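Hi,

Here is the structure I said I would pass on.

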Amino acid sequence: MLKDELVKYFKESKADAYISEAPQTRLWFAGVQTTDGYLVIEPNKAYLFVDGRYIEYCTKNAKNVEVILLEKGTLSKFLEKKNYKKVIVEEDYLKLETFEAFKQMLPKAEFVYARAQKFRIKKDEEEWQKVKEACEISLQALEEVKKILRVGITELEVSNKLGYLMKVFGAEKEGFDSIVAFGANAAEPHHHPTNKKLTEGDIVKIDFGAQFAGWVSDITRTFFFGKPKNPDLVKILDTVIEAQRLGREMVKPGVTTVDVDKTCRDYIEKAGYGKFFTHSTGHGVGIDIHELPYVNSSIPTTLEEGMIITVEPGIYVENVGGARIEDTILVTKDGCRVLSRPEDYK
């Protein structure tokens, strides 16, 4: 069954088919994870082409599609027979090499470009439950990591242990490379873990997330190891915590992503740290770690039930340190559910 956003686009574009080589789209539409393959979706039927490595797996597990063994010439013969006049392709995933192949197989077709992420901007319950599970796995791992923190442990050791523990608790893998930053390194929004050692009173920033059944979470926690050494960092963290609380409380249907961004940004600006908040307030989360919608000051999207976004304001002061608090949040019918704060809904 076609998802609502894709149904709309088929009607608007009057396309005959939607062709994708993206693993993300295969997972979203057919529910299978393969490194290679092609998905051909028509308004009333869909086909999944996979080679011999995946044919048994997909035949048993794929949904919404007819599975076809991909051999030399299989796809070209199929498309030649179909003779589509207008075809949707993915501007966010399509490789030039693949597009050239599509054009050769469909020399008379008109191609229209669409963002694949747009079609999955709203998640159904089965999908958001997987993101929720990814959040809970991530938080379990973090609690265990906190127990091993000690003077002298390195950022790399913590990052590696966190990734291992997420797998222990049920993740397929990390959703992205974890960010672990101690002390002044926390001033880098996307710091790569190093051999820097933890010292008493350091601020600790950890940005992490698990992948579960192909769906990911995105969480950041910032805290002090022992008694804080720098009162300025205490103020920075307190400011970020409050700005983030205000931002996540804004999340509900009818509110725009610009409104959420402004709420966080205004609070940080009034506290005197405006120039140190150097990135957007958030983004969508799902199969990709960064999906639609954007949560920033320039691209407004009205929030709707089923969207999942992050709210992650931060303050970063060079040679001093920084803080970010981030949650993965589901927009519900009447408000929101913070998937990365299970204590709020259990």
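First, a term: on a 1 Å grid over the protein atoms alone, a pocket is an open set of points where a 1.4 Å probe fits, with protein on both sides within 12 Å along at least five of seven lines, while a cavity is a set the probe cannot get out of; lining residues have an atom within 4 Å of a point. Points are joined across faces, edges and corners, and a volume is the space filled by probe spheres set on them.

Bear in mind that this is a predicted model, with local features needing pLDDT of at least 70 and side-chain atom pairs counting only at pLDDT 80 or more, whereas totals for chains, interfaces and linings use all residues. Residues are numbered from 1 along each chain as its sequence is written, and side-chain values use heavy atoms, without hydrogens or water.

Now the largest pocket, which holds about 380 Å³ of space. Its lining has 23 residues, and Ile179, His190, Asp207, His290 and Glu312 lie nearest the centre. Strands β13 (282-284) and β14 (291-295) are the elements that give two or more residues to that lining; strands here are DSSP E runs of at least two residues, helices H or I runs of at least four, numbered from the N terminus. By class the lining splits into 7 nonpolar, 9 polar and 7 charged residues (nonpolar: Ala, Val, Leu, Ile, Met, Phe, Trp, Tyr, Cys and Pro; charged: Asp, Glu, Lys and Arg; polar: the others, Gly among them).

UniProt's unreviewed entry puts "domain: Peptidase M24" at residues 130-333 (positions are in the numbering used here, feature names are shortened, and annotations may be inferred rather than shown by experiment). Over that stretch the chain is 32% helix and 24% strand, with the end C-alpha atoms 19 Å apart.

Glutamine 244 sits in helix α9 (residues 231-249) and counts as buried because its relative accessibility is 0% (buried is under 20%, exposed over 50%, partly exposed in between, with a 1.4 Å probe and protein chains only). A polar atom of its side chain lies 3.1 Å from the backbone oxygen of valine 311.

Glutamine 211, in strand β10 (residues 210-212), is also buried, at 11%. Its side chain makes a polar contact with that of glutamate 172 at 2.7 Å (N or O atoms within 3.5 Å; within protein, one able to donate a hydrogen and the other to accept it, and residues adjacent in sequence counting only if both atoms are side-chain atoms).

Cheers
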